[in-house]
Structure formats: structure tokens, C-alpha cells
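Please look through the structure shown here together with its sequence, beginning with the whole chain and then turning to particular places within it.

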Amino acid sequence: MKLCRLLMFGCSVLALVFTACSPEDGKQGPTGATGATGDTGPKGDSGDDLPNKDFYFQDGFKGYDGTNDASLSSFASSGSDSEIDLRLNTNVPDQNKRGVIHFSGVDLAVHEALVGEGEDCNTSFYMNQAILYLFVTAEDADIPQFDINIGFYGDQDPLFQEEQVSWTAANDNDDWGDDGAESEEWAGPFSDDSYAYRYLPKLGPHQNIGWVPILLPRSIVENWLCNPSLDKGLRLRLTSNAVTNGTDLSFASSEHEEADLRPLLVIETEKIETSEASKASVSNAKAQDWETKTYAEKMAPLYKYLAAKN
């Protein structure tokens with residue numbers, strides 16, 4: 001009996017101990033003193049890249065329908081076919097064919113995006129790069145290489161009309177400087193149309209060869225954007241030092257049923273910040289010599305565009 005009482009007394013004492021140690025009844029201790037503020041870390045370097053914006057002009061993309069193009073020859077011209085046909089025959093020059101292309105409205109799109117009210121177009125952005133992509137739908141060559149010569153029309157040249165242009169006239173009212181859609185005075189880095197893309201054909205007849213990337217002179221495209229009256233388009237023709245009985249090259253035109261294959265003009269720009277520091281800066285574009293780039297690198301802007309469409 002005494003043992004039972006002792007056990008009961010011990011249990012009561014333990015219960016009181018556990019109850020006294022319960023966190024519910026404990027008092028919160030005083031708040032410790034605030035520690036000293038640490039030293040501010042070094043400021044990170046500001047980024048080198050200014051805001052970039054790329055512009056894409058291809059008929060059918062986001063409502064754009066400003067591409068005008070046509071095939072020209074001394075015996076027939078057409079601005080409504082699905083292809084732009086070029087032909088070189090050194091033995092029978094009368095069989096030669098040339099092409100003309102003009103992208104209208106490129107200045108309006110760039111101004112709306114990059115040139116603020118009261119700003120000067122020439123100091124609002126950098127025109128880093130402009131590339132013309134043409135899709136070769138057919139080739140038939142009997143020489144191992146030839147050039148695609150690009151001539152840029154100048155201020156004194158008439159603006160051609162797709163449904164009216166011919167071998168001798170740009171439209172119903174204005175003749176070319178000379179037959180064959182010659183300019184009065186070619187614009188660009190040369191006094192003629194010797195600005196060229198070297199083309200290496202597969203020899204013989206082939207279909208759907210692929211894309212040709214043509215880097216356009218920066219000065220030309222800058223004028224198209226900031227002095228739109230100078231934008232009269234360009235002419236394409238084939239040239240070679242070799243003798244050919246007939247070398248043909250065809251590109252998809254702006255009327256081609258496959259919209260993704262139509263002529264594409266890519267213009268890459270870099271906005272100039274309005275701060276004084278930015279005004280004093282130079283373009284941050286890491287320009288690489290075009291000729292040293294691989295085909296994949298030259299095609300990168302096109303692949304980026306096609307990926308964005310999908």
C-alpha cells in the first residue's frame with residue numbers, strides 16, 4: 001500500500017516537471033542586437049549590347065505585300081510569274097534575261113519602331129546588316145561558276161512598276177537609262193553593277209537547289225531607310241568570263257505559291273540610347289567579315305525567321 005502511494009507521488013512530481021517545461025508557458029527572450037551592415041559588393045559591369053531589332057520583309061508575312069519583282073528579256077517580260085528567271089548566253093546576248101526586285105515600305109516599318117518624334121533617322125539607330133535571301137528553284141549551267149551581279153538603282157532612275165516594266169522601260173512613262181534595265185548611274189560601292197555574288201552550280205539541270213544569301217552594302221540600305229526617295233530597288237544579272245551557250249538560274253518570286261520561298265529581305269538594327277553616354281558610343285555589333293562566315297552562319301538570320309514563323 002505504501003509502495004503504491006510512493007509510485008503515485010512520483011508520477012505526480014514528474015507530471016509537474018514536464019508541465020513546467022512546456023513551451024506554451026515559457027516567456028520569449030529579449031531580441032538580440034542588430035549586427036553591423038556588411039560592405040556593399042562591387043557594381044557589376046553594364047551590358048555591352050544595346051536593344052536590337054530585326055525586320056523581315058517577305059510577301060505574306062504579317063500582312064506585308066510590298067515586294068515588286070519581274071523577269072526581263074528583249075523578247076518578253078513578266079511581273080506575275082512565280083519565278084524570276086536569269087539567263088546568260090555569251091554567244092547570243094539577245095537571249096539573256098535579267099531580274100528586278102524592289103521592297104517598298106521598308107523605311108516606314110523601321111521609322112515606326114525606332115525613330116521617335118523629332119528624332120533624326122540617321123542618329124536613331126545603327127543599321128548593322130542587311131541580307132537578301134533568294135530561293136533557287138531551278139538551275140541549268142554548262143560552266144563551273146558564274147556571278148550574280150547586283151546593281152542598285154539611284155535617285156535619277158525611275159521606279160519600276162511590276163506590271164509595266166520591260167527590257168526598255170521601267171513603267172509606261174519612263175524608259176531605263178539603256179535597254180536591259182540599265183541605270184542612268186548605278187548607286188552603291190561601285191560605279192557599275194560589279195557588286196556580285198559568286199555562284200557555284202551543280203552543272204546540268206537541277207530543281208529546288210536552296211537559298212542564296214546575298215549581303216547588301218550597308219550604305220545602300222541606310223539610304224533606303226533614311227532617304228527613301230533613293231530606294232528604287234535593284235537589278236540581277238548573270239556574268240562570267242567563260243563561254244556559255246546558255247546558263248539559266250531561277251528564283252522563287254513574290255508570287256510563288258509557297259510563301260516561305262519568296263524573296264526575303266532581313267534588316268538587322270541596333271537602337272541608339274538617348275543618354276549622353278550612349279550618344280558617344282559606337283555600334284556594339286561584333287561584325288565578322290562576310291566572306292569568312294560559313295554557309296550556316298550566313299543562313300542564321302533566315303533560320304531564326306523561319307523558326308519564329310512556326
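**From the whole protein to its details**

The protein has an accessible surface of about 17600 Å², and 50% of that surface belongs to carbon and sulfur atoms. The model is a predicted one, and this should be kept in mind throughout. Of the 310 residues in the protein, 43% are buried, and the secondary structure consists of five helices and twelve strands. When contacts between residues at least 6 apart in sequence are considered, 81% of them join residues that are at least 24 apart.

The next topic is empty space inside the protein. Rolling a probe the size of a water molecule over the atoms shows where empty space is left. With a threshold of 30 Å³ or more, the count comes to one cavity, and the largest cavity holds about 30 Å³ of space. Its lining is formed by Ile 150, Gly 151 and Phe 152, by Ala 187, Gly 188, Pro 189 and Phe 190, and by Asp 192, Asp 193 and Tyr 195. Sorted by kind, the residues lining the largest cavity are six nonpolar, two polar and two charged.

The backbone also deserves attention. Most residues other than glycine have a negative phi, and most peptide bonds are trans. Against that background, Leu 203 has a positive phi of about 75 degrees, although it is not a glycine. Leu 203 lies in the loop between strand 8 (196-199) and strand 9 (204-215), and with a relative accessible area of 41% Leu 203 is partly exposed.

Asn 208 is another residue other than glycine with a positive phi, here near 50 degrees. Where is Asn 208 found? Asn 208 belongs to strand 9, and Asn 208 is exposed, with a relative accessible area of 53%. For exposed residues the cut-off is a relative accessible area over 50%, so the value of 53% places Asn 208 among them.

Methods
Residues are numbered from 1 along each chain as its sequence is written. This is a predicted model: local features need pLDDT of at least 70, side-chain atom pairs count only at pLDDT 80 or more; totals for chains, interfaces and linings use all residues. Side-chain values use heavy atoms; hydrogens and water are left out. On a 1 Å grid over the protein atoms alone, a cavity is a set of points where a 1.4 Å probe fits but cannot get out, and a pocket is an open set with protein on both sides within 12 Å along at least five of seven lines; lining residues have an atom within 4 Å of a point. Grid points are joined across faces, edges and corners, and a volume is the space filled by probe spheres set on the points. Ala, Val, Leu, Ile, Met, Phe, Trp, Tyr, Cys and Pro count as nonpolar, Asp, Glu, Lys and Arg as charged, and the others, Gly among them, as polar. Helices (H or I, at least four residues) and strands (E, at least two) are DSSP runs, numbered from the N terminus. Buried means under 20% relative accessible area, exposed over 50%, partly exposed in between (1.4 Å probe, protein chains only). Contact means heavy atoms within 4.5 Å. Accessible areas come from the Shrake-Rupley method with a 1.4 Å probe; for residues, only the protein chains shown count as cover.
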